[in-house]
Amino acid sequence: MAKGNLYIISAPSGAGKSSLVTALIKEWPDIEVSVSHTTRAIRPGEENGVNYHFVDEAAFVEMIDQGVFLEHAQVFDNRYGTSRQSIQEQLLKGKDVILEIDWQGARQIRQLVTDCKSIYILPPSVVALRERLQNRGQDDDELIERRMRDAVSEMSHYGEFDYIVINDDFEQAKKDLSAIFVSNRLLKEFQQEQHSDLLAELLTTEV
């Protein structure tokens with residue numbers, strides 16, 4: 001069995017990252033999304049262990065001290081971290097694994113996992129980004145303004161990523177995202193490992 005690929009997907013808040021990833025994994029049963037740990041409060045509709053592993057500050061710091069996290073970062077006033085063991089287990093099962101993390105965490109992961117693939121999702125315009133944040137109905141005006149300011153800083157790091165997806169038309173953006181996964185599975189190295197028996201047979205069978 002070929003080892004799975006590790007993918008990093010980042011975006012400014014409101015660019016549609018979570019919606020795109022949710023749509024993608026519905027069509028790809030062999031893609032897993034890593035469930036991060038976070039100290040932020042659970043939101044309506046979220047489920048512990050599904051959307052995030054929700055922990056308090058003390059527990060998160062203890063996990064850092066124990067070396068549990070492959071990466072961790074502070075975003076706004078909350079901490080987020082990715083379990084090292086969970087990622088390794090999924091990859092060894094042949095699953096492609098998605099990490100939904102910010103550029104800080106992405107930078108840490110690229111230093112540790114040099115063959116990972118990184119994708120940055122951008123909105124089609126600043127106006128569209130603001131509208132999406134307002135339409136979510138999750139934040140007050142002050143927090144939206146803070147997210148907009150931070151978005152400019154976050155988007156300045158797009159050049160650190162391997163792929164760029166512009167989320168203007170949702171269906172097209174989903175196709176673009178899916179194409180990245182398809183193309184990487186067709187790479188020679190992956191195909192050689194996935195189909196070693198077939199390739200051996202094709203080259204040794206007498207005609």
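A residue counts as buried when its relative accessible area is under 20%. By that cut-off K17, with a relative accessible area of 17%, is buried. The model discussed here is predicted. The structure holds 12 salt bridges, and the largest nonpolar core comprises 22 residues.

**Salt bridge between K17 and E100**

- K17 and E100 form a salt bridge in which the closest N and O atoms are 3.3 Å apart.
- K17 belongs to helix α1 (residues 17-27) and E100 to strand β7 (residues 96-100), so this pair ties together parts that are 83 residues apart in sequence.
- The two partners fall into separate burial classes: K17 is buried at 17% relative accessible area, whereas E100 is partly exposed at 23%.

**Salt bridges of E160**

- R107 and E160 meet through their side chains in a salt bridge, with an N to O distance of 2.6 Å.
- This pair links distant parts of the chain, 53 residues apart: R107 is in helix α4 (residues 103-112), and E160 is in the loop between α6 (141-155) and β9 (163-166).
- R107 has a relative accessible area of 35% and is partly exposed; E160 is partly exposed as well, with a value of 24%.
- E160 also forms a salt bridge with R110, where the closest N and O atoms lie 2.9 Å apart.
- Because R110 lies in helix α4 and E160 in the loop between α6 and β9, the pair ties together parts that are 50 residues apart in sequence.

**Salt-bridge network**

- A network of salt bridges links E27, E171 and K174.

**Nonpolar cores**

- Within the largest nonpolar core, of 22 residues, the members that touch the most other members are L6, I8, L99 and I109.
- At least two residues of this core come from each of β1 (6-10), α3 (84-92), β7, α4, β8 (117-122), α5 (126-136) and α6.
- Helix α6 provides the largest share of the core, namely 4 residues.
- Residues up to four places away in sequence aside, L6 touches I87, L91, V97, L99, I109, V113, C116 and K117.
- Another core, of 17 residues, lies apart from the largest one; Y7, W28, L177 and F181 are among its members.

**Nonpolar surface patch**

- On the surface, L198, L199, L202 and L203 form a nonpolar patch whose accessible area totals about 420 Å².
- One of these residues, L199, is placed in helix α9 (residues 196-204).
- L199 counts as partly exposed, its relative accessibility being 34%.

- T38 is located in strand β3, which spans residues 37-38.
- The relative accessible area of T38 is 0%, so this residue is buried.
- When neighbours within four places in sequence are left aside, T38 is in contact with Y52, H53, F54, V55, R79 and Y80.

Methods:
Residues are numbered from 1 along each chain as its sequence is written. This is a predicted model: local features need pLDDT of at least 70, side-chain atom pairs count only at pLDDT 80 or more; totals for chains, interfaces and linings use all residues. Side-chain values use heavy atoms; hydrogens and water are left out. A salt bridge is a side-chain nitrogen of Lys or Arg within 4 Å of a carboxyl oxygen of Asp or Glu. Buried means under 20% relative accessible area, exposed over 50%, partly exposed in between (1.4 Å probe, protein chains only). A nonpolar core is a set of buried Ala, Val, Leu, Ile, Met, Phe, Trp, Tyr and Cys residues joined through side-chain atoms within 4.5 Å. Contact means heavy atoms within 4.5 Å. Patches are made of residues with over 30% relative accessible area and no salt bridge: like charges are joined within 9 Å, nonpolar side chains (Val, Leu, Ile, Met, Phe, Trp, Tyr) within 5 Å. Accessible areas come from the Shrake-Rupley method with a 1.4 Å probe; for residues, only the protein chains shown count as cover.
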